[in-house]
Structure formats: structure tokens, C-alpha cells
Amino acid sequence: MPLLDVNDLTTHFHTRDGVVRAVDGVSFHLDRGETLGIVGESGSGKSVTCYSLLRLIPEPPGRIERGTAMFDGQDLLQMSPAELRRIRGRRISMIFQDPMTSLNPFLRISTQLIEALQTHQDISNKDALKKATAALEEVGIPEASKRVTGYPHEFSGGMRQRVMIAMALITEPDLLIADEPTTALDVTVQAQILDIIKQRQNDLGTAVILVTHDLGVVAGTCDRVLVMYGGQEMESGTAEQIFYAPRHPYTRALQKTIPSLQTKGQELYTIPGLPPDASKPATGCAFFPRCPYPKNRDPMGERPDLVDLGEGHCWAACGYCDSSAPIESVLAKADEAIVDPLPVEVETAR
Amino acid sequence: MPPPISAAEIADEALVEGSSLWKDAWSRLRKNRLAVGSLFTFIFIVLFCIVGPWISPWEANTQDLFLGATGPSAQHWFGTDTLGRDLMVRVMYGGRISLLVGLVATLVALSIGVIYGATAGYVGGRTDSAMMRFVDLLYAIPFTIFVILLMVAFGRSLWLMFVAIGAVEWLSMARIVRSGVIGLKKQEFVEAAVSLGYSHRRIILRHLIPNVLGPVIVIATLTVPAVMLLEAFLSFLGLGVQPPDASWGVLINEGQQNMEIYPWLLIWPAAFFATTLFCLNFIGDGLRDALDPKSAKD
Amino acid sequence: MLKFVIARLLQGILVLLAIYAVTFFLVAATPGSPFSTERAIAPEILAQIEAFYGYDKPTSERFFTSLTNVLQGEFGPSAVYANRTVTQIIAESFPVSLLLGSLALLVALGIGIPAGILAAVKRNTWLDYIPMSVSMAGICLPTFVMGPLLALLFGLILNWLPVGGWFGPEFWILPTATLGLYYAAYFARLTRGGMLEMLNQDFVRTARAKGVPETTIVLKHCLKGGLIPAITFLGPALAGIISGSFVVETIFQVPGLGQWFVRAALNRDDFLVLGLTVLFATLIVIMNLLVDIAQVALNPRLKYD
């Protein structure tokens, strides 16, 4: 039995301007100790997927419309708030994109670290403080015993993300959800943070869901990858399958945007077109409007079926475009053809 | 290759954005039922006070000692006061003065606040921090006491009241204008305008003022009720508008003295005064939500 | 910390001196003499009295004499109420005003802050709409409107409470409510705004993800930051309660200091006006000092400087 088995997860936001289908029927699973990368650009629904699992989306306007998320045999989406609180922070922990705002500036680091422990365990202040100091040491914070009583503003961004990791893992959870943990950090710090997550994961045997827009981050970190676009799954499989045998046009295009995989001196590739407007009702493949492949016909509201290519490699089998053509030639043609709209970068870092 | 976009285009584009901001704000404001209702009620009260005395057969200061105080009746809808004067006309005249004080004193506060705040923000540096430190100090001072002493010392003229109240209420205005100007100074379209060699006058008039206008309108709308409050407070203490002239504060004071026997003398002016403040506060809140959607409640 | 307090203390003393000076010259500029009464006094005697109080000297000289006296705790005699010194009047009436003001502040904070927190936590429900509409109504009913209306309703129509005097707890209720409810409305709105801002912060999501119960999130994570706007308003609120007491004490015939001030100003009772101004200004300056300290204590990002 997998640790986490998500089926047909659907989260919509009911705003004044209409229903935004942030997550539209996503399924995936995760084994103990495994690392799953969820990849996609802004608005692909990858973060909302994670928040939905712990029911952290603001309700209203958000609502989990349907689906199940079986965690160790219990459905996270059907639990009572009290049951859910016993899972949150104890068995599933989370770290967030922006370490500058995710820590409470009014409370000491020690208070915030201890809180995670004392919410779930009967532990004395003294022991909890000891554990908190040890947790800071484990994520590589120098002079942990002194700094543990400090306030968040006395820490740099990278250090705060280390604190977040220490705080999330202090209860030794089964699953760590990391929502773009490196996006807000300096490039030099990003690798360190990923290393710390990996190292702590090895120490504790924690399963990890790593949400990122950076396919390059996924490469070295994840066992399996889920590629999302417009709230839908485009492709999923092992890291090797996704990198060496990508099938979906979106995955292929995404791969082209990794700077380090491109020839030096070449202009950076950007996927033409704009991210989908999730408030428009989905008709067919969400990526269809931006798909650079030659189209056979219009999808006319039909969602592509998820087709298993074997060994767990699935893709949203697009029957409308000829995706067997080699990507380079297609993209070259597409670049010539597309004059308007202006190219947009895959992700504008916020 | 497309022609490079000129700095002037960037600068003017920002102005186009400005106009759609106002359009957006207007459509948001129209959806705020409370604000729209308040606006209509307020307009009604203003018209009532301005037009009413021309239509009414009664004069504000014509006494009828023989009649004395009577309750609301067919002749005198709001009743009459102890001197037999028609209360409705007195409420109208009182409203004229209260609203006039609200408007003029707000304009005084607005002029001081905008000039002070814009100077501090535009000049920046040490001048700015010294000027703002001074504002901080003034915040700590019990101004009502000064205003009372000022009214006692220099007689109770309406003009003095405008200036005295205006001189008290400009502080938040200055702060808001300053922070708006500082925020805008750093933005690209202002830098673009500077690099194009536009004059200070043009930068201030075309780029800075239109962009701090929103917050200034909001704070001005919210200053009007604050000013009216201070005026009524002074008039209540007998330091503001002097009989036989009346403002709502004077009428409330007269009503309060006789409320045991003639409660309507208190209730009518109090109702008009409170409703006006209520409307102005809701209009101000609605404008703020409309102009700055981020600060909206949800 | 000590350096910060001393710096603020010095600043407060400076503010007090400035207030004293402005008050002194405003009073001096008021036409008439404090010693002219309805009774006709022979000009020589008036001149003698004025000379006795130093009124024959130039204003600037008088200013320094009076400042020296005040610094020694000598506020001088009341010019109008014969045989009583300003210190005596303050000693008699201040306890009443202090009780009224403290009760009012207690009402303002005790109702305003819980209502604001509740409204923020239950936002966009009836528990938000009702207190917030009531508080908006409260803000539009200043003391001089609220006072007579409350007196009319509870005193004269329902006949539940006495509307004048200060003879026991039942006499305290209406003045306290009049003075306190207005500021309760302000505190409720400020607290709601502050709490909402905190509740929308990312760190609240972090706390939820840790499994922290909602009550703890509100009280432990949000209250400190959420109360800052309300605490900042304590200074202006005290100033407002003092000037509100001028009205409330008149309406409800409370024998406190507030009713003296306007009368003293109108009667040119110079020493009394100065004494009362110094007292009020000192209270406000102390309150502002406490607020400054509280802000620094609540917000670790602010450094003492």
C-alpha cells in the first residue's frame, strides 16, 4: 500500500469572476521514503494540489470538489478538523516558498520550533528546547544553542528556510511537502537547501513531495515526477522516463527551457503563449492552445485519456497533435510560425 | 525587429493605466451597496439643507414666544423650540454651517497636509526625516485643549474655527501624501520622465499628483466627519458657532438642555448629525476599498 | 532599553515645556483680566491684586516666574474661586475624573478589543457584520450626542438609572458608558483591522500546517501583532477621553476636573487653566511613553533607538 494515494483531486476557487479550476482531477501516489516532484509553471495548480492535501486552501473561496487522498489508509479529505490537526505537523509537514514571511516575526525561533513538538507530544519545555537546538544543528545552523532564542529577522533567507526545514522535520513526519522551497532564495543557496532536504530525508526515511517550476531541480532530487499544466496531469513517470523519454509536448517544451541543457550561446527557449486562464471552462487538453505541434484537429472539449506507456510512465495521450515528430524540428517550425503573442518566460520568479 | 519602446511611451502608458484605475474603482464602488446608499443619503441631506430654507415658509430666527416649544405637527414638521422657532428650518441652517465648516476646514487641512507631505517626500533625505519627526511630535499633543484656548483667546469667529480645526487635522494627510510621493518617486515611469528632462512642474502635475489623488480623496472624505465632529464639540461647549446662528452642535446642546420636556429638540439635530457622519464614513471606507482593492475586507 | 526610555522621557519633557509655553501665551493673549469680576473693585485695589500676582510685569517675565513656580509644584491660587488653590481643586476633583476616565478606558478596551478579535476571526459572518455596524454607529455618535440620548433613554424614559450626580456605582454607569463606548467602537475597528492583517500572513498557514489549533493561532501567533494598531491609538484615546470628559461631566453633573476646564478658560482663571493643562498634558505624555515602550516590547523587529 502506498503511503499516499491521491485520486481525482479537484479543487476549485469560487470567485466573483467565476469558477477557477485550480486543480482539475489529479491523481498520483507516493511510497514511503520516496521523492515525488510536481513540476509546472505558475498557475499549473501544483501548489494548490499540495495545500489541498492538508486542506490549507482558504475556504471560501476555495473548495475541494471531489477526490480522495488516502494517507496510510485514511482519507485526508474526509477527516474531521481535529483528526486532521493530529496529522498536520506530526505525520505530514510542510515547508513553504517564502521563508521571509512563513516564520512568525513576533515569536522566537525556539517558540516556533517547540510549538511543533508540544502540539503533538507531551514533552517538557527543557527537553523540547534541547530537541529544537539539535534540530537546528542538523540543518547546519552555526551556534544553534545561541541562535535558537533569536527572532526570524536576525536570520538570512537561506537560514530561515533551514529553520523551516528543521521545524517541519522536528516531529519526524512520514511525509514532507516542500512547496517551491528554493524559489525565493539566491541561486547559491538553492543547492544547499536541496542538499539539506535530501540529507534529512535519508536520515529519517521521510517521503517528500517537491513542488517546483524548475525541471533542473527535479533532475537530481526526485524518484518520480508529475508534470502539471492548467490543473491537469500532463505526464508522470520516473525521473529517467521524464528526462530521457518525455512524451508529452509540454514536458518536451519544458525540458527545452532548462538553461543548462542548451547549447552555450543559444538564446534561452521560452514556451510561446500565455499560461491558461483557469477561470475559463476547460475544453480538452489544457495545453492545446500553446502546443507547438502540428494539429490534426480541434479537441472539441474532449479530455485526453491518461495512457500507460508501461513501467508507470503515463501521459495525457493527446490524439490531436502529432507528437511523434522530433521536438527540435517542431520547435524550429513553431518559432517561425509564431509572431504573436509575445513569448513569455516559463516562470517569472516572484 | 520592432522599434524600441521610448521612455515617453512608458511614462504615458502609466497615465493610461491611471485612467483605467479610476474606471475600475468606480465600478467597484458602484457594487458597494452601503457606500452607494450612503452617497445618496448624504446628497439628500445636503440638498435638504441648501434648498430647504428657500421652500419652507418659516424663517430660522423668527421667534414666536407665544407658541413656545411644540412637538412635531402639520405646520412644524420637526416641531418648534422654546422660542417658537421652526426646528426644521433651524436644522437646515445648522446643517449648512456644519457642512460648510466640514468642507472649508477640510480644505485648509488638505492644503497644509498636501504641501507639507509632498515637500517632505519630494525633497527627501534629512529634511524629510526632520519634517516627519515634527509631525510625530505633534501627534502626541492634546490639540482639543489648544483649540478650546484658541477659541477663548481670539473670539469665536467662524473663520478662526476653520483655521484652528484645519491646523489640527492635517497630520495624517501629510503622512499619506508623503508616503505616496516617496513610493512613486522610485517607480520607473517617474524615472523615465526625469531622464527625459521634463520639468519638476510637469513631473509633479502630470505624474505625482494624479497618482496620490486616490489616497488623498479617501483621507479627505474621512477628514470631513472628523472636522464636523470637532466643530460640533466646540459648539456644544459654547465655544463654536454663536446664537442666534446655529450649527448642529449648537442645536444638540440646546436640545440636551431641554430634553426632559422637549425630547424632539435633541432627537432631530442628533439624528441628522449622526446620519451625516455615518454616510461620510461609509463613503470614505467604500472609496478606500474601491481605490485600493488590496485593502478590501476579503 | 534604558537609553530608549530616557530619550523618550526627555522628548516628553520637551513636549510638556512646549505645551506649557503655548498655553501660557494663549491665556495671556485672552482679553480681560483674571481679577475683574462683576463686583466693582476700586482700580487701585485691582492694581494691587494684579501686582501681587505679578501681572504688572511684562508677559515674558511672568512666563519664567510661573514656569519656575510650576516646576516647584506651585500652581498658584484660583483667581475666580477665592480661597482655593489650583492644587486644592485638582486634589478634590481629580480622583473623580480619574475614576471616570479609568472606567471608560476599561469599557473601551474590554468591549472593543474582544469584539474586534471576534469580528476578525469570524469575518464575513454575522459575528463580524453586527459588531462592526454597531461600532460604525458608535463612531458616528460622539459623546455629546450619545450622552444626552443615553440619559434620555435610560434615565428619563425607562427610569432605570440616575442621570446626574456622582454618589455611587449606579451613578457611574451612564457617564462611563457615554465616554467608553465611543472609544470601544474605535478599538474594535482597529483591532479587527490589525487581527485581519495578521490572520492573512503566511506564518498563519505555517502554524496551521504544524497542526496548531485555531485558538492558539489567534491568541499566540496573531494577538501580539494584531493589537499594535489598538495600542498605538491609546495615546489619542486618552486625549479624547480627557476632552470628552469636558462634555460628559457637564451633561451628567459629575464633580470632576473636566467641567472645570472650560469654565476656567471662559472665566480667565489663568492659574487653573495652566494647572489643568499641565496635568492633562502630563497624563497624555506618560501614556504616549508607555505606548512607545509597549510597541517596542511587542515587536521584536523594532530596536530601541
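**Notes on the predicted complex**

1. Confidence in chain C. The mean pLDDT of chain C is 83, and 95% of its residues reach 70 or more. Please keep in mind throughout that this is a predicted model. For the complex, the predictor gives an ipTM of 0.80 and a pTM of 0.80.

2. Confidence in chain A. Here the mean pLDDT is 78, with 77% of the residues of chain A at 70 or more. One stretch should be read with caution: over residues 336–350 of chain A the pLDDT is below 50. Beyond near neighbours in sequence, that stretch has 17 contacts in the model.

3. Make-up of chain C. The secondary structure of chain C consists of 13 helices and 0 strands. Read along the sequence, the pattern is therefore a run of α elements, α-α-α-α-α-α-α-α-α-α-α-α-α. The C-alpha trace of chain C spans about 85 × 55 × 30 Å along its principal axes.

4. Burial and contacts in chain C. Chain C has 305 residues, of which 44% count as buried. Among the contacts in chain C with a separation of 6 or more, 75% are accounted for by residues 24 or more positions apart.

5. Chain C against chain B. This contact takes 37 residues from chain C and 30 residues from chain B. Which elements of chain C give two or more residues to the side that touches chain B? They are helix H1 (2–29), helix H5 (126–139), helix H6 (143–157), helix H11 (234–251), helix H12 (258–266) and helix H13 (270–298) of chain C. The residues on this side of chain C divide into 30 nonpolar, 7 polar and no charged.

6. Chain C against chain A. The contact takes 17 residues from chain C and 24 residues from chain A. On the chain C side, helix H8 (202–209) and helix H9 (214–226) each supply at least two residues. H8(C) gives the most, with 6 residues. The side of chain C that touches chain A divides into 5 nonpolar, 6 polar and 6 charged residues.

7. A helix pair in chain B. Helix H3 (residues 87–123) and helix H11 (residues 264–291) of chain B pack at an angle of about 35°, with their axes 10 Å apart. The crossing of H3(B) and H11(B) is right-handed. From H3(B), the residues Leu87(B), Val91(B), Gly94(B) and Gly95(B) meet Leu265(B), Trp268(B), Pro269(B) and Phe272(B) of H11(B). By class, the residues of this contact come to 6 nonpolar, 2 polar and no charged.

8. Asp75 in chain A. Asp75(A) is found in strand E5 (residues 74–75) of chain A. Leaving aside neighbours within four places in sequence, Asp75(A) is in contact with Thr68(A), Ala69(A) and Met70(A). The C-alpha atoms of Asp75(A) and Asp5(A) are separated by 9.1 Å, and these two residues are 70 residues apart along the chain.

How values were computed. Residues numbered from 1 in each chain as written. Chains lettered and ligands numbered in written order. Predicted model: local features only at pLDDT ≥ 70, side-chain atom pairs only at ≥ 80, totals over all residues. Axes fitted to C-alpha atoms, helices over the stretch in contact; angles between N-to-C directions. Helix = DSSP H or I, 4+ residues; strand = E, 2+ residues; numbered from the N terminus. Left-handed = near helix turned anticlockwise from the far one by under 90°. Contact = placed C-beta atoms within 7 Å. Nonpolar A, V, L, I, M, F, W, Y, C, P; charged D, E, K, R; others polar. Buried ≥ 20, exposed ≤ 12 C-beta atoms within 10 Å, placed from the backbone. pLDDT = per-residue confidence, 0-100.
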